[in-house]
Structures are given as structure tokens and as C-alpha cells.
Amino acid sequence: RIAITNVFARVSPLDKLRLVSAFEKRHAIVAMTGDGINDSAALQQAHIGISVGSGHDIAKESSDLVLLDGNFASIVDAISGGRRIYDNIRKVLMFLLYGSLTEVLIIVVALALGFPLPLLPAQILWVNIITDTFPAMAFIFEPGEPETMSEKPRSPKESLFNRMAWEMLIVGGTVNATLLLSLFWWYAVHLQNLALGRSVVFVGLGAFVIGISLALKSFRRSIVRTNIFSNIPLLISLVGVIALYGVAFYVPLISSLLHTVLLPMHALGAVFSLVIVNIFVVELIELRHRK
């Protein structure tokens, strides 16, 4: 009956519970609104229980969402906020895993090929704990994209890492690791300058943090159509990354601990080119999935 009936009148609390269960058996995602004690069982049973702020305390305790203003239009704002949070969680995880995968690939492949260690433990800690932390936290403040509310609801079976995310991690991480390892081979193995080779990889990972942060600001728009000033904390964190790398190279005590040397212009140009290539790869993957 629920498939052909729009309104059920004078239902009992048990009927409300049966209606919610019937919709769920049809694999529907059910939101139940209510404000009284007799609504609490159905509110608890529904995927999303919604009560109004003026409702009974038992109804509010049984709900997942409380409308403080009593306005059902606020549900739309809540959905928009939920989608924004989901997107930002995905961006944080992709940002962190992208960099970590790159580091793992560089070290594993280098050791397998008999190269010296491309990164020292202190450099790895600097990148993972000091450099990556602030941009990852800043993604929390990323505003929602207008396109999110025009998209169909996500399947509850969909993983946080969809096909685009996995492709971006595997393809992008492999390309980034390959380019960085090539630079390391050129400077550390071919030119026999191990300190410079490690410094190039170290700077490359930092530059990658800046590039991938800007590329991941939006899954639905290209980087040239993204407002980079929409998330000021992210910009501040990226400026902080640059400052921290300045400390790593220009403060003698820190530089000696990290074993860094200043990069010549041709090495800086190579690192900059690597970042451009990495952004281009991410943009291509996003474009393919947008289409």
C-alpha cells in the first residue's frame, strides 16, 4: 500500500513504526519527523529521526537531528552541510594518503633498485607531522560546492573512496613517485650528490603539498575555475608550509638536523615542473569522472 498511497491519517504509534519499517524493507532511506512521545519509536527506527526544538524531550533524544527553529526548510541546510562534511573528509584522507603513498613508493622502489635512502627519518617526520598537518586541518573549513545539492543521493553502500579517489591515489601517487625518484637518481646517483638529491625529494614533497591542496579543493571544477580565496585557513596553512621549509633550509640548527642543502635554480625548476605535472594528472582524472 505504501507504494500507491500518499497520506495515512489517524495512525497509531505502532502504525508509524510499521510504515517506517515497510519503507525500509523496500530499500528506501527513511527520514521520520515528529515531536511527541508517540513518535519516538518511529524516530528511533528510521535512518534519520528528525524532531523539532519545541517537541518533547523523549522525541528529541530519539532523533538524529533536532530543528531548533522548527522550520522544515532547515532540513535542506542540514543535508547541504552533511554533504560538505562528507566531501571534506574525503579531501583530507586523499590529501594525507596521496602524500604517504608517494613517500612509500619512493623509498621502496629506491631500496629495490639499490639506491641510497631518498629521505632521512627526520625529513620524513618533518613532512608528515609538521608540513602535512596544517593543510589537512584547513580542509575542514572548505565551503560546500553549489553543485553538491544538484547531485543524486549517494548510495549507502558506496565507499568513502570511490573509483575516482582510488584512481587518483594509484595513478597520481605512482606518477609523482616516479618523477621524484627520477630527480633523485639524477642528482644523487648520476651526479654523485646525495645531499642535494635528498634535498630535491624533500622540497618536492613540500611543493607537492601546496599543489595537491589546490587541486583537491574541488572534485567538480577545474583548478582554474576554483576560487582559491574561498578557504583562507588553507591559504594561511600553505604560506606556513613555505615558511617551515624556509626554516628547514635557512636556520642552521634545523638544516643540520635535516641534512638539507640549498637547491640550485635548475633543481628548483625541476621541482616546480613536477608539481605542474602532478596537478595536471589530478585534473585529468577529475575531468574524466566529471564527464
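Which helices do the buried residues of helix 11 pack against? They pack against helix 4, helix 7 (163-190) and helix 8. The model is predicted.

## Overall layout

The protein has 11 helices and 3 strands. Along the sequence they follow the pattern α-β-α-β-α-β-α-α-α-α-α-α-α-α. The radius of gyration is 25 Å, whereas the globule rule gives 19 Å for 291 residues, so the protein is more spread out than a compact globule. The C-alpha atoms fill a box of roughly 85 × 35 × 35 Å along the principal axes.

Of the 291 residues, 42% are buried. The accessible surface comes to about 15,800 Å². Carbon and sulfur atoms hold 67% of that surface. Among contacts with a separation of 6 or more, 67% join residues 24 or more positions apart.

Helix 11 covers residues 265-290. At 1.5 Å a residue, its 26 residues should span 38 Å. The end C-alpha atoms are 37 Å apart, which agrees.

The buried residues of helix 11 include Ala-267, Val-271, Leu-274, Val-275, Ile-279, Val-281, Val-282 and Ile-285. Asn-278, Glu-283 and Glu-286 are also on the buried list.

## Asn-176 in helix 7

Asn-176 lies in helix 7. Its relative accessibility is 0%, so Asn-176 counts as buried.

## Ser-213 in helix 8

Helix 8 runs over residues 194-215 and contains Ser-213. Ser-213 is buried, with a relative accessible area of 0%. Beyond its neighbours within four places in sequence, Ser-213 is in contact with Phe-95, Pro-135, Phe-139, Leu-234 and Leu-238.

Ser-213 and Ala-138 are 75 residues apart along the chain. Their C-alpha atoms are separated by 9.8 Å.

Helix 4 has 39 residues. At 1.5 Å a residue, these should span 57 Å. The end C-alpha atoms are 56 Å apart, in agreement. Just after helix 4, Gly-114 takes a positive phi of about 80°.

Helix 4 covers residues 74-112, and Ile-85 lies within it. Is Ile-85 buried or partly exposed? Its relative accessible area is 46%, so Ile-85 is partly exposed. Ile-85, Ile-89, Leu-93 and Leu-97 form a nonpolar patch on the surface. Together these side chains' residues have about 310 Å² of accessible area.

## Salt bridges

How many salt bridges does a search of the whole structure find? The search finds 11. One of them joins Asp-57 and Lys-60, with the closest N and O atoms 3.7 Å apart. Asp-57 and Lys-60 are 3 residues apart in helix 3 (residues 57-61), so about one helical turn separates them. Asp-57 is partly exposed at 48% relative accessible area. Lys-60 is partly exposed at 25%.

The side chains of Arg-220 and Asp-87 meet in a salt bridge, 2.8 Å from N to O. This pair links distant parts of the chain, 133 residues apart. Arg-220 sits in the loop between helix 8 and helix 9 (232-250), and Asp-87 in helix 4. Both Arg-220 and Asp-87 are buried.

## A buried bridge and its network

Arg-220 also forms a salt bridge with Glu-145, the closest N and O atoms being 3.2 Å apart. Glu-145 lies in the loop between helix 6 (133-138) and helix 7, so the pair ties together parts that are 75 residues apart in sequence. Arg-220 and Glu-145 are both buried.

Methods:
Residues numbered from 1 in each chain as written. Predicted model: local features only at pLDDT ≥ 70, side-chain atom pairs only at ≥ 80, totals over all residues. Heavy atoms only, no water. Patch = residues over 30% accessible without salt bridge, like charges linked within 9 Å, V, L, I, M, F, W, Y side chains within 5 Å. Areas by Shrake-Rupley, 256 points an atom, 1.4 Å probe, with all protein chains shown as cover. Salt bridge = Lys/Arg side-chain N within 4 Å of Asp/Glu carboxyl O. Helix = DSSP H or I, 4+ residues; strand = E, 2+ residues; numbered from the N terminus. Buried < 20%, exposed > 50% of the residue type's maximum accessible area, 1.4 Å probe, protein only. Rg over C-alpha atoms; globule rule 2.2 N^0.38 Å. Contact = heavy atoms within 4.5 Å. Expected span 1.5 Å × (residues − 1).
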